[in-house]
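Here's a quick briefing to read with the structure open beside you. Take it one topic at a time and find each spot as you go.

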Amino acid sequence: MLKKYFVLFKTNWQSLSTYRGDLVVFVLSTCILPLVALLIWRAASVNNNLAYNQKELTSYFLAVIFVKQLTYSWAAYFVGEDILTGNFSSYLIRPITILEQYMMNNISEKVFKLFILLIILSIISFWMLGKPLQIPENPVIFLALIISISLGLLISLLMTIIVGLTTFWTHEQDFLRYLLGSFETVFSGLMVPIIFLPTLLQQIATFLPFKYSISFPAEIYLGKLTTGQILSGLAIQALWTIGLYFVYKVIYRNGIKLYQGYGS
Amino acid sequence: MKQLKIILALAKIASKQYLEHRIGTAGSIFNSILSLATTLLIITIIFNLVKDLNGWTKAELFLILGISRIQLTVFSAIFQRGINKIPESVNIGELDLLLTKPINSQLLVSFRYPKVYELINTLTGIILTFYALQQLRLQFDFWAIAILVAALICGQIIFYSIYFSLATLSFWIGRFYSFPDFFLILSNPMSYPSDIYTKPMDTILTYFVPIGLVVTVPIKIFLEKSPLYFLAIEFALTVLFLTFSIWWWNISLKRYSSASS
């Protein structure tokens with residue numbers, strides 16, 4: 001079973017190696033929103049008494065950029081396009097599920113992008129904080145961070161695949177994709193730290209999965225959480241992953257019954 | 001005159017194509033409203049915590065957002081899709097058909113796929129702009145509006161020149177699949193005043209990758225936060241960037257190897 005993942009990873013890696021320049025642009029485009037937010041909040045922290053000072057805000061958004069890049073998923077658009085063009089048929093005859101396909105595509109691209117990302121973040125860290133990018137020294141925190149980012153990626157991947165699969169019914173997924181994007185922008189901590197949201201929005205964020213794909217892993221990285229908070233957060237991430245997986249299975253099973261492979 | 005007739009004909013064909021897909025068109029309009037609402041919410045949350053952002057008030061930020069929305073939707077309606085197609089056309093040799101037409105090639109590739117329906121999205125920007133002006137309680141005359149419009153037209157041309165010049169890189173680097181992402185990279189910072197960003201970002205975004213000239217500088221001139229001679233600087237940089245984009249396109253065309261050769 002592991003061999004098929006290795007083959008998928010290798011195929012994607014070879015494809016990515018051919019056009020490395022595009023990856024730099026993709027990394028920049030994923031970073032731009034939290035980067036703009038970082039600059040805005042740094043300006044806001046001048047002469048204003050915020051819960052985070054300028055250095056803390058900078059560290060927070062550097063962590064957000066790092067986590068966002070590793071947990072971001074683009075599956076929604078491509079799954080939808082595959083359904084509309086009939087290319088989805090190829091997933092039905094392969095010995096891999098669509099989730100496995102996109103997971104390995106995602107991981108191989110993230111490994112490649114990580115090198116570019118670390119260079120960009122190092123430059124920003126030196127420029128704004130006067131020190132290099134820091135990795136958590138505590139091995140337990142480091143392990144929790146890896147697990148959290150992995151679960152955050154799965155949450156993101158499952159949500160985007162589910163949105164893409166709705167194309168079986170709607171034949172159009174731009175609206176849901178943008179809606180997902182808007183919810184993520186507000187409730188994930190991407191543009192506004194969760195702590196800065198009005199109380200009602202903070203409570204809503206607690207019940208949605210978005211915070212667990214970006215803000216929660218970022219807070220582990222920053223060392224802002226107690227052991228109890230980390231463990232309960234990881235448990236919530238695991239629950240969201242399992243819940244979204246079941247939704248994915250139900251939507252996939254029912255969507256396949258409607259699929260007719262137009263265009264293939 | 002002939003060029004204008006061709007551009008209008010292209011717009012008419014594109015409109016008919018998009019009206020065949022009304023749900024997609026309606027979805028696009030709804031998405032635009034959603035995107036604006038999200039940014040408005042973010043700004044409101046920021047101003048619940050602070051009184052101003054580097055001297056910019058909430059109403060002024062709404063004005064920046066409204067005007068940037070108008071600028072971006074006008075650009076998107078007229079140029080974006082045509083320019084986005086340049087890398088693909090270069091890569092598969094599709095440019096042959098366009099280069100043999102009796103019309104300036106840069107004009108043709110820029111105007112060939114207008115999304116006229118997108119102009120409806122300017123309504124959200126216009127409504128927000130009027131709301132912001134009402135909140136600011138400004139007194140302005142015909143000349144203030146004329147200067148603002150002139151500065152915004154210069155800004156639109158600068159943005160076109162930058163985006164078009166970036167697309168032209170596809171002649172030099174082969175496959176440029178990621179090019180449309182540059183719209184995100186350039187447009188996101190434009191929704192906020194460029195001088196709230198710390199130096200040297202402020203200087204870079206105003207004079208080197210001058211997206212600050214697209215919205216922030218025209219608004220600053222209008223609000224009298226910048227002196228009037230900035231309009232002359234804006235005009236000079238417009239001529240410079242447009243001239244560069246024309247020169248760069250002509251130089252890059254020499255590198256083009258078509259599908260048939």
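**A helix with a buried side**

In helix α4 of chain A, which covers residues 75-85, the buried residues are A75(A), A76(A), V79(A), G80(A), D82(A) and I83(A). Looking down the axis of α4(A), you'd find these buried residues within an arc of 160°, so they line one face of the helix. Keep in mind that this is a predicted model.

**Around α4(A)**

- So what covers the buried residues of α4(A)? The cover includes α5 (89-93), α6 (98-129), α7 (139-165), α8 (167-170) and α9, which belong to chain A as well.

**Where chain A meets chain B**

- Let's start with the head count: 32 residues of chain A are in contact with 31 residues of chain B.
- The size of an interface is often given as the accessible area lost when the parts come together.
- For chain A and chain B, the buried area is about 3,000 Å², and carbon and sulfur atoms give 77% of that.
- There's 1 salt bridge between the two chains. Which residues form this salt bridge? The partners are D22(A) and R175(B), with their closest N and O atoms 3.3 Å apart.
- Polar contacts turn up too: 5 residue pairs make them across the interface of chain A and chain B, with both residues at pLDDT 80 or more.
- On the side of chain A that touches chain B, α2 (20-45) and α9 (174-187) of chain A each supply at least two residues.
- The largest share of that side comes from α2(A), which brings 14 residues.
- Sort the side of chain A that touches chain B by class and you get 25 nonpolar, 4 polar and 3 charged residues.

**Two loop residues of chain B with positive phi**

- N54(B) isn't a glycine, yet its phi is positive, near 50°. You'll find N54(B) in the loop between α2 (22-49) and α3 (58-84) of chain B.
- Is N54(B) buried, exposed or partly exposed? N54(B) is partly exposed, with a relative accessible area of 49%.
- R137(B) is another residue other than glycine with a positive phi, this time near 55°. Look for R137(B) in the loop between α7 (122-136) and α8 (142-168) of chain B.
- With a relative accessibility of 71%, R137(B) counts as exposed.

How values were computed:
Residues are numbered from 1 along each chain as its sequence is written. Chains are lettered from A and ligands numbered from 1 in the order in which they are written. This is a predicted model: local features need pLDDT of at least 70, side-chain atom pairs count only at pLDDT 80 or more; totals for chains, interfaces and linings use all residues. Side-chain values use heavy atoms; hydrogens and water are left out. Contact means heavy atoms within 4.5 Å. Buried area is the accessible area (1.4 Å probe) that two parts lose on being put together, summed over both. A salt bridge is a side-chain nitrogen of Lys or Arg within 4 Å of a carboxyl oxygen of Asp or Glu. A polar contact is a pair of N or O atoms within 3.5 Å; within protein, one must be able to donate a hydrogen and the other to accept it, and residues adjacent in sequence count only if both atoms are side-chain atoms. Helices (H or I, at least four residues) and strands (E, at least two) are DSSP runs, numbered from the N terminus. Ala, Val, Leu, Ile, Met, Phe, Trp, Tyr, Cys and Pro count as nonpolar, Asp, Glu, Lys and Arg as charged, and the others, Gly among them, as polar. Buried means under 20% relative accessible area, exposed over 50%, partly exposed in between (1.4 Å probe, protein chains only). The arc is that of the directions from the helix axis to the C-beta atoms.
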